[in-house]
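Hi,

Here is the structure I said I would pass on. Have a look at it first, and then read my notes below.

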Amino acid sequence: MTQIYNFSAGPAVLPKEVLAQAAAEMLDWHGSGMSVMEMSHRGPEFMSIYKAAERDLRELLAVPDNYKILFMQGGGLSQNALIPLNLVGHKPEGATIDFIHTGSWSDKSIKEARKYANVNVAASSTTAVPAQAGWKLTPGAAYLHMCTNETIGGIEYQPDFSDPRLQDVLLVADMSSHILSREIDVAKYGVIFAGAQKNIGPAGVTIVIIRDDLLGKALPICPSAFDFKLVAENESMYNTPPTYGIYIAGLVFQWLKRQGGVAEMSRRAQAKADLLYAALDANDFYETRVAKSSRSRMNVPFYLKDESKNEAFLAGAKARGLLQLKGHKSVGGMRASIYNAMPIEGVQALVDYLNEFAAQAAK
Ligand SMILES: *Cc1c(COP(=O)(O)O)cnc(C)c1O
């Protein structure tokens, strides 16, 4: 097999070692005589898998004891409804949710939240992170929602917690596409959520990290299987959790620990992003549209200035084993997603191709 590098935005590349281990354990997990897929979610074998996954994720992100980690179903988008259903109940009638709008994903979150509460867009910009000093926060808002990595637009940020206005704000962050790629202070957030299929594992698992005093406030119409309190009390087993996805996520967590944890992932993410952006900046043939200070280290959208060469670019990339570089249909162009499992060799192969294609086209 020739070397393939998969730049998909999600479902995305997984570590080869993890896939190989899952393959080796497919028919008989640790002498149990069963595949993980066939196990009772309440049996001792799966419970040990679940507990290890929870413990490892807690260790990797240094999640404080007063936070619960939930392994849910429904994907990142369902959280756009489940979070209001679980959180607006702690504020009286007529609650307002503040949003920082930075692109497609925060846009979707805003539209969904309007079904459950008043919405205030506190700031909006899709090519650079809106300056925090200008955020128009609502006093007494139920919470402030932000998407800290916009997977389509390629904008990434962390709020500035030295801002005193954030002290009393309940912060909700969609970290679907950059969780585990940088160190975060979980205690600064009320809720962090992430679909697994970008930086964690297969589609079908959604991670929710929630401060425990926020449990038990769900609106009466919230479906029981999605009431964070019930999910937490039952260790994510109020109903059958996505067992195989949790198992793979657990293998990814073990892999991350062997690599040196989140600090090492952050160092690699910086090195990979620097390499790729430097090549794009150095070459007039390509264009990026996000302010340098707001560039995502995970999702790198770029454009060929001569868009008539797009198809040739993608065909040439594919012939070299550089896969899934086509940009999202809403914005066109190209996008290279360089998640934790993308080795720097893959980014170097892409950079070599970027340079050669541009040189070829200039002839
Ligand atoms: C992919 C993604 C989602 C949506 O996840 P689904 O699992 O498809 O619902 C939400 N937010 C962000 C930032 C994403 O990248």
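This is a predicted model: local features need pLDDT of at least 70, side-chain atom pairs count only at pLDDT 80 or more; totals for chains, interfaces and linings use all residues.

**Salt bridges**

Glu112 is partly exposed, at a relative accessible area of 22%. As background, side chains of opposite charge can pair when their charged atoms come close.

How many salt bridges does a search of the whole structure find? The count is 20. I'll pick out a few more.

Asp185 and Lys188 also pair through their side chains, and here the N to O distance is 3.2 Å. Asp185 is partly exposed at 38% relative accessible area, and Lys188 is partly exposed at 38% too.

Then there is the salt bridge between the side chains of Asp281 and Lys292, at 3.9 Å from N to O. Asp281 belongs to helix 7 (residues 261-282), while Lys292 sits in the loop between strand 11 (286-287) and strand 12 (299-304), so this pair ties together parts that are 11 residues apart in sequence. As for accessibility, Asp281 counts as partly exposed at 38%, whereas Lys292 is exposed at 60%.

**Around the ligand**

Which residues are found around the ligand? They are Gly75, Gly76, Leu77, Trp105, Cys147, Asn149, Thr151, Asp174, Ser176, Ser177, Gln197 and Lys198. By type, this shell divides into three nonpolar, seven polar and two charged residues. Helix 3 (residues 75-87) gives the largest share of the shell, three residues.

- Lys198 has a polar side-chain atom 2.6 Å from an oxygen atom of the ligand.
- Gln197 places a polar side-chain atom 2.8 Å from a ligand oxygen atom.
- Gly76 takes part through its backbone, with a polar backbone atom 3.1 Å from an oxygen atom of the ligand.

How much of the ligand does the protein bury? Taken alone, the ligand exposes 390 Å², and the protein buries 86% of that.

**Cysteines**

In general, a disulfide is a covalent bond between the sulfur atoms of two cysteines. With a cut-off of 2.5 Å between cysteine sulfur atoms, the count for this model comes to zero. Cys147, one of the residues around the ligand, is buried with a relative accessible area of 2%. Cys222 is buried as well, at 8% relative accessibility.

For context, most residues other than glycine have a negative phi, and most peptide bonds are trans.

Where does Pro11 sit? Pro11 is in the loop between strand 1 (5-6) and helix 1 (16-24). The peptide bond that leads from Gly10 to Pro11 is cis, and its omega is near -10 degrees.

Ala62 has a positive phi, near 50 degrees. You'll find Ala62 in the loop between helix 2 (44-60) and strand 2 (67-72), and at 57% relative accessibility it counts as exposed.

Leu180 has a positive phi as well, near 70 degrees. Leu180 lies in the loop between strand 8 (171-174) and strand 9 (191-195). Is Leu180 buried or exposed? With a relative accessible area of 1%, Leu180 is buried.

**One last pair**

Ala95 is in the loop between helix 3 and strand 3 (96-101), and at 13% relative accessibility Ala95 counts as buried. Asn149 is among the residues around the ligand. From C-alpha to C-alpha, Ala95 and Asn149 are 26 Å apart in space, and they are 54 residues apart in sequence.

Cheers

Terms used: Residues are numbered from 1 along each chain as its sequence is written. Side-chain values use heavy atoms; hydrogens and water are left out. Buried means under 20% relative accessible area, exposed over 50%, partly exposed in between (1.4 Å probe, protein chains only). A residue is near a molecule or strand if one of its heavy atoms lies within 4 Å of it. A polar contact is a pair of N or O atoms within 3.5 Å; within protein, one must be able to donate a hydrogen and the other to accept it, and residues adjacent in sequence count only if both atoms are side-chain atoms. Accessible areas come from the Shrake-Rupley method with a 1.4 Å probe; for residues, only the protein chains shown count as cover. Helices (H or I, at least four residues) and strands (E, at least two) are DSSP runs, numbered from the N terminus. Ala, Val, Leu, Ile, Met, Phe, Trp, Tyr, Cys and Pro count as nonpolar, Asp, Glu, Lys and Arg as charged, and the others, Gly among them, as polar. A salt bridge is a side-chain nitrogen of Lys or Arg within 4 Å of a carboxyl oxygen of Asp or Glu.
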